[in-house]
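Please read this briefing alongside the sequence and the model.

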Amino acid sequence: ADKVDTEDFFERVTGYLKENAAGAVTLQEISGTFHVSLSYMSRLFKKYTGVSFNEYLTGYRIERACELFRENPDLFVKDVAGMVGIPDQFYFSRLFRSRVGKTPSQYCREVQEERGGG
């Protein structure tokens, strides 16, 4: 069997997480996929990332949202929210703001200004 407490193993876990972040990915599902217990998977996230599974997932989703907005500032907030796996637009905007320090629409405006577009 694979060693499960290794960086390689954890990289596979985060790789899987990133590929599936647009869906309703859960700690249960990931633990099942990698055949380890929930509490063990929880500990791995704390150990390798310093944050909980949910924190890590949210952080990744918001980062991904920023990328999408930068690639295409004309996207609607609700579309990006759906694309990163947070279909509730208002919840998404709250999370985005708490992480980025501005609302998604402020963020998009700034991206457009940086590009010299109006």
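In this predicted model, Cys66, Phe69 and Arg70 of α4 meet Pro104, Tyr107, Cys108 and Val111 of α7, where contact means heavy atoms within 4.5 Å. Helices here are DSSP runs (H or I, at least four residues; strands are E runs of at least two), numbered from the N terminus. Local features need pLDDT of at least 70 and side-chain atom pairs count only at pLDDT 80 or more, whereas totals for chains, interfaces and linings use all residues. Residues are numbered from 1 along each chain as its sequence is written, and side-chain values use heavy atoms, with hydrogens and water left out.

**The α4–α7 pair**
- The axes of α4 and α7 (residues 104-114), which are lines fitted to C-alpha atoms over the stretch in contact, come within 9 Å and cross at roughly 45°.
- That angle makes α4 oblique to α7, since angles under 35 degrees count as roughly parallel, over 145 as roughly antiparallel, 65 to 115 as roughly perpendicular and the rest as oblique.

**Nonpolar cores**
- The largest nonpolar core has 19 residues, of which Val13, Leu17, Ile30, Phe34, Met41, Phe45 and Phe53 touch the most other members; such a core is a set of buried Ala, Val, Leu, Ile, Met, Phe, Trp, Tyr and Cys residues joined through side-chain atoms within 4.5 Å.
- Two or more residues of this core come from each of α1 (7-20), α2 (27-33), α3 (38-49) and α4 (53-71), and α1 gives the most, with 5 residues.
- Ile30 touches Val13, Tyr16, Leu17, Val25, Met41 and Phe53, when residues up to four places away in sequence are not counted.
- Apart from that core lies another, of 16 residues, among them Val84, Phe92, Cys108 and Val111.

**Thr58**
- Thr58 is placed in helix α4 and, at 16% relative accessibility, counts as buried, a term that means under 20% relative accessible area, with exposed over 50% and partly exposed in between (1.4 Å probe, protein chains only).
- Leaving aside neighbours within four places in sequence, Thr58 is in contact with Leu95 and Arg99.

**The chain as a whole**
- The protein chain has 7 helices and 0 strands, and its C-alpha trace spans about 55 × 25 × 20 Å along the principal axes.
- Buried residues make up 36% of the 118 residues in the protein chain.

Technical notes:
Axes are lines fitted to C-alpha atoms, for helices over the stretch in contact, and angles run from 0 to 180 degrees between N-to-C directions.
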